[in-house]
Amino acid sequence: MSTVLVEGPRSFTRLVPQLTHAQARMPLAVYGYCVFKAQGERPARRYAAYYPFCDHSPELVALRHAATHGLPARFIDLDVAEQASLDPQEHDDELARSGPDERHLQRSQYLAHLARQLGCRDHEELWEHLFEAPALTRGTTAHMADLVAYCQLSRSEHTEDELRADGTLAREAEMAAAVREALAERSPGAGPVLAVVGGFHAVVLPALVAAGTKRPTVQTAAIGDQASALIRYGLDRLDRLNGYGAGMTSPAWHQGLWERMLQRDKAGVTLGARLRQEQTLALLFDIAAELREKHRLPLPMPTLAAAYEQALRLAALRGRDAPLREDLLDAVTSCFVKGELDAEGMLVLAVTRRRLAGQAVGQVPPGTDRPPLLRDFEARARRQRLKIDDPKPRRLVLDLYRRPDHRLTSRLLHGVTLLGVPLATRVSGPDFANGLGLGKLQEQWEYSFSASTEAALIEASVYGTTLPLAVAQRFEARLQRLVDGDEPRHAGAAAALLVQACVLGLHDHVRRVMATLVQVVAEDAAFESVATACSVLGLLWESREPLEARALTEVPALLASSYQRALFLGRSLQGAAGDGSGLIEALSRLRELLISAAGQALDAGLFWDLLDHLQARHDLALIRGAAAGLRHGAGRLDEAGLQTVLAGHLQGGVTPVEAVAFLRGLLSTAREAAWQQPRLLDTLDARLREWDEAAFVAVLPELRLAFAEMTPKETDRIAQAVAGLHGQGDLGRLVRHDLDAAEVQAHVARSAQLLARLRADGLSGWLQS
C-alpha cells in the first residue's frame, strides 16, 4: 500500500495526526462550519456538520494503519463550504448536519423490499443480518460481492439529475480526481492506493478514475468565516436514534463486538458466533444489574437465563448463528417486562437502549487546538467560579438584586442556553419576561459540564469566536426573523425579546429592539398580544435594577402608547380565540399593571370603561363573566350589582351552557366570590335543580372548568357552604381514589340502563321513593 485516502473534507487532513495520536480516545468528531456573507437580498447563511469517528470506523482504521506504517494519508472530499454551496436543502441554522449521509441507502425501495422479505424491521437490521453477522465466517470475495450488489441496488434507483442536484456527482468527481492524483504520485513498485469511501460512492469510483473524470469547479458564496476542530464526542451521540444520520443504532453493541474481536485476534482465535453470544450475555447482565440496583426491579437469575436462552432461540429462528441487537432487545422485552409494555416496560426499554447506546466519551490528545469560543467560555466560566472540570451535577444560587458578579453569571448561563448548549437549567427564581416569581431575590440553577456541552459550544462557533459575540449574533438572528416576518410579528413576542436582551446583558441591542417593538405594536391588531406587551413593559420598568436597564428612559412612554393601543383594540372585541383563556389572561394582566408602580401614570378610567363595555356587550358569556369578576374584585361592582348580573344569567333566558360559561368567567377573575357571596351558591344551586339530567351532563365539562382553578382549601370551603345549603354538616368524601374513570363510566351506563328499564315497565314512581 502506498497511500491512504479517506472520504471527508480536504481541509481535515491537517487533523490526521491528532486523530491517530496514541493518546486520542474515541469517539471523537471533526466539527466543521462556514458562514456565508449576506449578498443582495440573500441573508447571511451558516452551515455546520459533524464527522464522527469511533474505534471501528473504517476511515479511522485505515488512518491508524497508515500512521503505524508511515504511509501518507489525507481526506479527499469537497470542503465544507463547497458541500454547503451544493446542498439544495434548507436547514435550520441552529442545527448541525451529520457529515457522512446515508439517506440514499436508507430510502432505497429495493432494500426496503429485501428487508421485508428477510423479516428485518429496518435498514439497520438488514445490514446486520447480511453483513455484520456472517462477517467473520465467510470469505472476503463473497463478502465484497454481496456488499457491491447491496450498494448498486440502492444507486440504481437514483437518476443522474437527482445525484447532480444534491451534490453527489460533484463530490464523487472530486474524490475520483484525488484517487487519480495519488496513483500518479506513486513511485515505481509502490503498493496500491487505498480509498475508504461510502459504499454508495465506491461502486462508481473505479469507473470515474479510469475515465479521467476532472475535478469539479464549485462556486461558493463570499465566506465570512470557516473553521474545523477535533472535539470530544459520546457514543450516545453516534446513535442513529439520537439524530446522527450516518450512525448506527446502538453503538455500544458494535463497540463491544469490536473490542472482543480484537482480543480474539490477539489470541489467534476468531469465532464470530461466540463473540456475539458473549456480547449478548454481558449486556443482559449489565441491564439486569442496573434495573436491580438503581430501580429496585427484581430480576432473579432464572429470568436472566431465560432471556439469554430466548435470544439464542430467536437468532436460530431467524437464520442467524448467534444473536444480533434486535434479538437481544426482543428477549429483554419478553422476559424482563412483567406488566404493560407502555407502563412498566418503559423503564426496562429505556435502560436497555441506554446500555446499547453507551455512555463512553472520547478524549482529544494533548496539544489539540481548542476553538476560540470554547476557550473563551472556559475562561469566563472559571472567572465566575463555575466548576467545569468534571461532569458532576451542581447547584448554583445567584443573588440578582444585590450581587453584580452574580448577574454576570446569570447572563452567562442564559447566554449558553440561548445558544442551545446543554449546560444549565434554571429551576427557580424571577422570570422577568413572563412576570413569574418576581418576589424571589435569588435565581437557582442546576448545571453540569459534559462532552455534549463542549461539542455544542464548538457548534455554536458559527455565531462568533467569543461568548458575548456568539450570543449577540444568535439574538440578532432571532430579532431579524421577527423583523423580516419569518416569525409572527406579535407585540408580546417583540416585548419579550426586549426583556431577553436585558437578561442577556445585550444592552447595546435594546434600542433596535425598542424601535422594532414600536412598529410591531402599531401594526398588531390582536388585543391579547398588545396587552401582553404592556404587561411585559411594566415588568421591565419595575425590574430595571436587577436587569441593569436604568438607561431605558423611553419605556414609560412606550408603555403608555401600547396601553392606549390595547384599549382601543379592546373596544371592538367580539368572540375569543381558543377557549377564551388568553383573552381573560390579557384583561387580568392589564388589571395587575394598573395596580403596579409602573402603571400608576396610566389612565385607569379607560380600562374600567372597557370592562363596562365588555360586561354589557361582549357576545360570549365567558368574557362577560370575566369582566364582571374584575370589576367586582376592584370594588366597582358591589354585591347587589353582582347578584343582579349573576341572576340574569343563571335564572334568565340564557341556555345552561351560557349560564355556566358566565360563572366560569366570573370565577376565573374573582374566585373569592364562590365563598364570600352566599347568594351566588344559592342561585347556582337553584338553577342546577331546575335542569334535567341531559342538560346537567351537557354543561358538566364547563362546570368542572369553572371550579378547576380552586385550591384544595378553597374547594373545601365551597363544599362546606354547599352542605350547609342542604342542612348537612359536610358532603362526605370529595375525592375517591378507589375508583377509576372507566369504572365510573361503567356505573353511569348501568344506571342509565336501569332507569330505562324501570320506565319501560311502568315503574317510574319508584324513582321518587
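How do the residues of the lining of the second largest pocket divide into nonpolar, polar and charged?

**View 1. Composition of the lining of the second largest pocket in the predicted model.** Of the residues that line this pocket, 18 are nonpolar, two are polar and five are charged. The volume of the second largest pocket comes to about 1200 Å³.

**View 2. Residues and helices around the second largest pocket.** The lining comprises 25 residues, and those nearest the centre of the pocket are Phe696, Leu700, Leu703, Arg704 and Leu734. At least two lining residues come from each of helix H32 (678-690), helix H33 (693-707), helix H34 (712-725) and helix H35 (741-760), with H33 giving the most, seven residues.

**View 3. The one cavity found in the whole structure at 30 Å³ or more.** The space within the largest cavity amounts to about 100 Å³. Its lining is formed by Leu400, Arg407, Ser410, Arg411, His414, Phe432, Glu443, Cys502, Val503, Pro546 and Leu547, which divide into six nonpolar, two polar and three charged residues.

**View 4. Helices that contribute to the lining of the largest cavity.** Helix H19 (404-418) and helix H22 (491-503) each provide at least two of the lining residues, and the greatest contribution, four residues, is that of H19.

Notes:
Residues are numbered from 1 along each chain as its sequence is written. This is a predicted model: local features need pLDDT of at least 70, side-chain atom pairs count only at pLDDT 80 or more; totals for chains, interfaces and linings use all residues. Side-chain values use heavy atoms; hydrogens and water are left out. On a 1 Å grid over the protein atoms alone, a cavity is a set of points where a 1.4 Å probe fits but cannot get out, and a pocket is an open set with protein on both sides within 12 Å along at least five of seven lines; lining residues have an atom within 4 Å of a point. Grid points are joined across faces, edges and corners, and a volume is the space filled by probe spheres set on the points. Ala, Val, Leu, Ile, Met, Phe, Trp, Tyr, Cys and Pro count as nonpolar, Asp, Glu, Lys and Arg as charged, and the others, Gly among them, as polar.
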